[in-house]
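Thanks for making time this morning. I would like to walk through one structure with you, so please have the sequence and the model open as I talk.

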Amino acid sequence: FIFLLCCYMSDSVLGGIVAVSAFFFNHSECSRVQWIPPLRESFSFPFLILQSLALSVILKSGASNQKKISLALSTVCFVLPWQFSQFVLLTQTLSLFASYVLSFLSADRLTPALDAIFAGYAVGTLLQFLNTMLLSSLYVAAYLAFKAVIFLNDRSHLANRYLRFVRDLAVFLIVALSFKMGSAALLQLSDDAHIFNIFKAKFTDFRDFHTLLYICGRAFDFIEIQTFYKCVRTLLLPTTVAVIGRLCWVFGKQLFCTNEQQPATEDEPSASEPAPAEPSKKQPSKKGQKSAEKHIKKTQKSVESVVPGEEVSHNYLSYHVFQFGCYFIMAVMIMRLKLFMTPYMCILSSLVASKFVLPQTDKSRIVIIGLLLGAMSIDGYQNLQNQWKIEGEYNNPNQEELFTWIEKHTDMDAVFAGPMPIMANLRLSTGRNIVNHPHYEDSGLRARTKEVYQLFSRKPGDEVHATLSALQVQYAVLDKHWCTARRPRAGCSIPEIWDNEDLVNVGRPTFCDDVPNYQDLFDLQFSNKMFRVIKLKN
């Protein structure tokens, strides 16, 4: 999909070759599949590239029913595996809005794309049983706000583009925030509250139980400078910066040097093709006619010198520049999201094969691309060899022993509770019922998981028993790693996270250590080097 997208964007097969080569030369920074195969975003990402291709086709050449259906279907496939896809679609909407308010893309070209994406999102929401987090998402708020701005501009056009920009931005923010806060209050939804708390915790001293579970993970830390250093060594970052610099120069010239002239699209005539004059009963004088012709030629020359047709036809690339900016900000704040930033750097680097970005002769461009690929391969090939050396096999005998015991010694309708990753595997491997799992985007499941995680707190056993009994838990799984108060990062073990919440019991032994003192409430059923299974007594 990356190859197809980049061939389309650069109008050259060489562009696809550059992008794919850059992706593999920087594979360790572009994907985590080799380390964590079941990541939900790994299943969604290929469809995001396909969706970007469908979107680019509409933005560049206009919409048709077939193109809109392709965009909607690819959006459905992108949304289904990953609930956080709504935030990617939010950045997509913001990028399109930026291209619109800066007059790079017209409403006629944008509206079909916006509606197709929203239709795909709606179908994805329906297939997820009207997931409340998706219904009240910021993406929906941004879509409605964008449509409100387009509606307003269709009926009230401001001649001054600076005033129009301020008005559009104000309307967008007011409508989006009003819908988000209003829908959350009306439906009493807080499914995505933890996302905002994560960003709040990154810039303030705010901490709570759910936030610490995220920010203690290395993947949710700020991006490492090492990432950019690796991309410099393979020339991916310099190439991307050069391409973005060239695009910013062209679009900046177009934005600030055309005064109030709007860029032409295929749906509207350019200044170099003025519409025929309305027939008039009175013919102008020869002097007036010469003056008018002179003015038209002057206007044509001015506009063509700043916004030639080649540049206008590539205005859709402004969207990709803004989109990369969003991915860059996301990756800097949450390192895990560099899996969107780095591949997009590869996509933008493909534009070195475009005549629009590199206006040399075909032979010169081929030579430049050949030299670039050769220079990229110096460190890139070494990176590839390091990736090929990775040989792994999933091997967890302690967990296998645990699941074997569960299958042999518990009923099929038994109910278990424990760490989220273990519960997901337990459900998949044994078919037993579980009360919590890693679907942390639901506020109810977050609250239930916090109650289950009293197993790793310092609360007294009778309180833990009462909580688990209320959840109808029959068996609880204790993981040695989750019970310990020692972790590489201070304050990030589960007992320490509980110390931040449960000040009353600070200093007490953990429940894991104290459970033998509550034999009247819990019965040890199984244990090995890593796991213990305790059964709740009535």
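Let me begin with a question: which helix supplies the largest share of the lining of the largest cavity? It is α6, which contributes three residues to that lining. Before I go on, please keep in mind that what you are looking at is a predicted model.

Staying with the cavity, the structure holds one cavity of 30 Å³ or more, and the space inside the largest cavity comes to about 30 Å³. Its lining is made up of Leu 89, Gln 92, Thr 93, Leu 114, Ile 117, Tyr 139 and Tyr 143. Besides α6, which spans 85–101, at least two lining residues each come from α7, at 107–127, and from α9, at 138–155. If you sort the lining by class, you find five nonpolar residues and two polar ones, with no charged residue among them.

Let me step back to the whole chain for a moment. The protein has 26 helices and five strands, and of its 538 residues, 50% are buried. If we take the contacts between residues at least 6 apart in sequence, 70% of them join residues that are at least 24 apart.

Now to the strands. They form an open sheet of five strands in the order β2-β1-β3-β5-β4, and the pairing in this sheet is mixed. At the edges stand β2, residues 433–434, and β4, residues 522–527, and because each has a single partner strand, one side of each is left without a neighbour in the sheet. Against this sheet packs helix α20, residues 397–409, which touches β1, β3, β4 and β5, and whose direction makes about 30° with that of β5.

For the parallel case, take β1, residues 415–417, and β3, residues 475–479, which pair over two bridges; here Ala 417 has Ala 476 in β3 as its bridge partner. For the antiparallel case, take β4 and β5, which are joined by five bridges, and where Leu 524 stands opposite Ile 534 in β5.

Along the chain, Arg 164 and Asn 153 are eleven residues apart, and their C-alpha atoms are separated by 8.7 Å.

The second residue is Leu 372, which is found in helix α19, residues 362–388. Leu 372 has a relative accessibility of 15%, and therefore counts as buried as well. Leaving aside the neighbours within four places in sequence, Leu 372 is in contact with Leu 235, Thr 239 and Val 352. What separates the C-alpha atoms of Leu 372 and Val 18, two residues that are 354 residues apart along the chain? The separation is 8.7 Å.

Methods:
Residues are numbered from 1 along each chain as its sequence is written. This is a predicted model: local features need pLDDT of at least 70, side-chain atom pairs count only at pLDDT 80 or more; totals for chains, interfaces and linings use all residues. Side-chain values use heavy atoms; hydrogens and water are left out. On a 1 Å grid over the protein atoms alone, a cavity is a set of points where a 1.4 Å probe fits but cannot get out, and a pocket is an open set with protein on both sides within 12 Å along at least five of seven lines; lining residues have an atom within 4 Å of a point. Grid points are joined across faces, edges and corners, and a volume is the space filled by probe spheres set on the points. Helices (H or I, at least four residues) and strands (E, at least two) are DSSP runs, numbered from the N terminus. Ala, Val, Leu, Ile, Met, Phe, Trp, Tyr, Cys and Pro count as nonpolar, Asp, Glu, Lys and Arg as charged, and the others, Gly among them, as polar. Two strands pair if DSSP finds at least two bridges between them. Contact means heavy atoms within 4.5 Å. Axes are lines fitted to C-alpha atoms, for helices over the stretch in contact, and angles run from 0 to 180 degrees between N-to-C directions. Buried means under 20% relative accessible area, exposed over 50%, partly exposed in between (1.4 Å probe, protein chains only).
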